[in-house]
Amino acid sequence: MNARSLSELRAVNSFAALPAAFYTRLEPQPLNHPRLLHANAEAAALIGLDPAVLDTPQFLRVFSGAEPLPGGDTLAAVYSGHQFGVWAGQLGDGRAHLLGEIQGPAGGWELQLKGAGKTPYSRMGDGRAVLRSSVREYLASEAMHGLGIPTTRALALVASDDPVWRETVETAAIVTRMSPSFVRFGSFEHWSSRRQLDALKVLADYVIDRYYPDCRAAPAGEPQDQTAPYVRLLREVTRRTALLMADWQAVGFCHGVMNTDNMSILGLTLDYGPYGFMDGFRLGHVCNHSDSEGRYSWNRQPSAALWNLYRLGGSLHALVQDVDALRAVLDEFEGVFTRAFHERMGAKLGLAGWRPADEPLLDDLLKLMDANQADFTLTWRRLAQAVLGERAPFQDLFIDRAAASHWLDRLLARQAEDGRAAAEVAAAMNRVNPLYVLRNHLAEEAIRAAKAGETGEIDTLMTLLRDPFTARAGCEKYASLPPDWASGIEVSCSS
């Protein structure tokens, strides 16, 4: 497919074809005197957009909310959900406008403006996003993609001097998000909670037919049943969510606000707010200052995901009377997650394959990291150096160097059982243990620069985070321990 201009994009707008009760059609509220801070050529390629278009006035007008997407159908979607375990009732796109869906070279992508003004679902909000949170989301989605973790993408970052009230007065911004779909677990909860089963069925059928068509076919030997596709839908969403949790845990990522309205029906990382990649490791690390009870701490993320899946299963129960079939699917979560987590952690440890007997080796490392608050990313990355005989950089991350050295001896002995050369093992470890992650202080430095109109830090981070496993000369500060001031950074639900 040849690169195209905005007017040549092929809009399909499948979500807008659903019944009117699923959304409200409305126009964005454009920013005043907008300026394009950054545009993502890689994301543009996903919709077949010519990179030269990113510098045009039309691109800025469309993605600042001043002009509709050619062929698009702008709307805000309704959904409901549980927030921090409590039923919150009706929610919806309170500061997001879906511009339309574009068919790209490898599939459809919905384009959504986040921060484009009030909608009927804004509740007490102003519908705006601030520059701080917009930079964080823009960078985070691309960082996760670079790590190979399913995620929404980011196309553009537009800023303005329009004032926005948060804890203090900040300036407004809009980030353009891209996803094959923004349907959430809470989209299903909305209709089931209202006992509107016809709408629930419409939504489930839409998701299956557009994103999970294989769920329509009965496996060999399994009788076809009109409700069976909904059970198979839950199974596939459960599988994808379990794999996503294994991905998050393996890189020390904390989402911060795993409410059911922030859980993607496609198993993507969705809604980057108070997220964080851990610096010093804590098993119970909480990245969201608003999460006073630690509901979404690092070690509780898998169980939080399963709790959310039970809410989705409960919604589908309105279409599937066989509750045992739904429960059996949900029971598969633990096995899928555990196998995937062990596979990822075994690779990070430089093992040719995971064995059940490797569990104590991993557990003891995590306990040692927790006790010493060892840096998560550097602990794993420096293991490859230790495999090659350079043990000091790894041990330097631990207050108890003797304990770290003893554990390292155990790892090297276990690796020796695989019979692979040290250079081969180290190279394999460096392919799965990133050197660069979006630490909070790096995001903060990019935000400060962006406030001054400088985008060099965003450029640098985008380059490094797209290939986080390859060391680059001159970029040592991006792979170093965080500065002392970083410990004072707090992110919350307002982030």
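The chain's secondary structure amounts to 16 helices and 12 strands. The model is a predicted one. Its C-alpha atoms occupy a box of roughly 65 × 60 × 45 Å along the principal axes. The radius of gyration is 23 Å, which agrees with the value near 23 Å for a compact globule of 495 residues.

The chain is divided into four parts. Domain 1 is made of two stretches, 6-78 and 90-182. Domain 2 covers 186-346, domain 3 covers 354-431, and domain 4 covers 440-481.

Set aside the neighbours within four places in sequence, and Ala21 is in contact with Val78 and Trp191. From Ala21 to Phe277 the separation is 256 residues in sequence and 38 Å in space, C-alpha to C-alpha.

Now turn to domain 2 and domain 3. Their C-alpha centres are 32 Å apart. Domain 2 brings 14 residues to the contact, and domain 3 brings 12 residues. Together the two domains bury about 1200 Å² between them. Carbon and sulfur atoms account for 64% of that area.

Which residues of domain 2 lose the most area to domain 3? They are Phe281, His342 and Met345, and together they make up 46% of what the domain 2 side buries.

What of polar pairing across this interface? Six residue pairs are in polar contact between domain 2 and domain 3, counting pairs with both residues at pLDDT 80 or more.

Two helices stand out on the domain 2 side. Helix H6 (228-251) and helix H9 (332-348) each supply at least two residues to the side that touches domain 3. H9 gives the most, with four residues. By class, the side of domain 2 that touches domain 3 holds seven nonpolar, five polar and two charged residues.

Note on methods. Residues are numbered from 1 along each chain as its sequence is written. This is a predicted model: local features need pLDDT of at least 70, side-chain atom pairs count only at pLDDT 80 or more; totals for chains, interfaces and linings use all residues. Side-chain values use heavy atoms; hydrogens and water are left out. Domain bounds come from an automatic or database domain assignment. Contact means heavy atoms within 4.5 Å. Buried area is the accessible area (1.4 Å probe) that two parts lose on being put together, summed over both. A polar contact is a pair of N or O atoms within 3.5 Å; within protein, one must be able to donate a hydrogen and the other to accept it, and residues adjacent in sequence count only if both atoms are side-chain atoms. Ala, Val, Leu, Ile, Met, Phe, Trp, Tyr, Cys and Pro count as nonpolar, Asp, Glu, Lys and Arg as charged, and the others, Gly among them, as polar. The radius of gyration is taken over C-alpha atoms; the globule rule is 2.2 Å times the number of residues to the power 0.38.
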